[in-house]
Amino acid sequence: DAIIELAEKDERIVGITAAMPSGTGLLKMMQQMPDRSFDVGIAEQHAVTFAAGLATRGIKPFVAIYSTFLQRGFDQVVHDCAIQKLPVVFCMDRAGLVGADGPTHHGCYDIPYLRGIPHIVLAAPMNEVELRDLMYTASIYEEGSFAIRYPRGRGKNAAWKSPSDFQKIEIGKSQKLRKGKKVAILSIGTIADNVTLALNDIEDPKNHFAHYHFGFVKPLDVKKLHKI
């Protein structure tokens with residue numbers, strides 16, 4: 001839904017997937033915008049290089065691939081996109097453990113294999129609202145590639161589209177979700193919700209526990225880490 005909304009506002013945006021239109025949700029865009037969405041089949045390397053080629057011509061590709069299968073296109077992410085600072089957006093579904101999808105689909109390695117690549121942003125939203133705003137932020141980011149990782153499953157926030165206007169997120173900035181004096185809990189991605197629920201169950205009258213959400217794994221909010 002968000003990519004269709006963005007594409008209606010920005011004619012440069014196209015969607016690309018590699019035989020995962022239903023699983024990534026890109027099927028809806030393929031049905032509504034067939035001339036601006038592409039399924040290249042089980043060929044992740046081609047999907048990434050295809051996106052890079054489009055990016056050189058001023059097009060803004062959103063590449064929707066499961067985290068585990070983007071590993072097949074690792075070299076292309078490095079050589080065709082990141083090193084050339086091309087503004088390709090990677091939407092990595094199934095990040096983390098995936099339950100019934102099975103062990104071949106566990107997206108366990110995207111943080112380490114992408115953090116070492118230059119000229120790429122790696123983000124992990126904590127909820128649907130942040131994911132939607134990260135997609136918008138990525139759509140206007142022109143300094144390099146932008147990767148967003150998020151888990152399998154349905155979201156919990158029914159009001160994910162509120163407020164209706166997209167909000168730009170400051171790249172590389174963490175968020176303080178709870179004040180605390182002695183223990184700092186740092187979370188990345190949707191586990192922030194579980195941390196919040198757990199902390200709500202703890203009697204903490206002296207505010208021992210602080211909670212920070214690091215929505216950007218690259219670049220890390222090093223300034224905030226030093227302060228913590």
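Is D101 buried or partly exposed? At 24% relative accessibility, D101 counts as partly exposed, because the buried class ends under 20%. This result comes from a predicted model.

D101 pairs with R152 in a salt bridge, with the closest N and O atoms 3.1 Å apart. The two residues sit in distant parts of the chain, 51 residues apart. R152 lies in the loop between β6 and β7, and D101 in the loop between β4 and α7. R152 is also partly exposed, at 38% relative accessibility.

In total, the structure holds 12 salt bridges. Side chains of opposite charge can pair when their charged atoms come close. One of these bridges joins E44 and R72, at 2.9 Å between the closest N and O atoms. E44 belongs to helix α4 and R72 to the loop between α5 and α6, so the pair ties together parts that are 28 residues apart in sequence. E44 is buried at 2% relative accessibility, whereas R72 is partly exposed at 40%.

A further bridge connects E142 with K60, at 3.7 Å from N to O. This pair links parts of the chain 82 residues apart: E142 is in the loop between α8 and β6, and K60 is in strand β3. K60 is buried, with a relative accessible area of 1%. E142 is partly exposed, at 42%. Salt bridges with shared partners join D10, R12, K60 and E142 into one network.

The surface also carries a nonpolar patch of about 380 Å². Its residues are L186, L220, V222, L225 and I228. L186 is placed in strand β8 and is partly exposed, at 43% relative accessibility.

Methods
Residues are numbered from 1 along each chain as its sequence is written. This is a predicted model: local features need pLDDT of at least 70, side-chain atom pairs count only at pLDDT 80 or more; totals for chains, interfaces and linings use all residues. Side-chain values use heavy atoms; hydrogens and water are left out. Patches are made of residues with over 30% relative accessible area and no salt bridge: like charges are joined within 9 Å, nonpolar side chains (Val, Leu, Ile, Met, Phe, Trp, Tyr) within 5 Å. Accessible areas come from the Shrake-Rupley method with a 1.4 Å probe; for residues, only the protein chains shown count as cover. A salt bridge is a side-chain nitrogen of Lys or Arg within 4 Å of a carboxyl oxygen of Asp or Glu. Helices (H or I, at least four residues) and strands (E, at least two) are DSSP runs, numbered from the N terminus. Buried means under 20% relative accessible area, exposed over 50%, partly exposed in between (1.4 Å probe, protein chains only).
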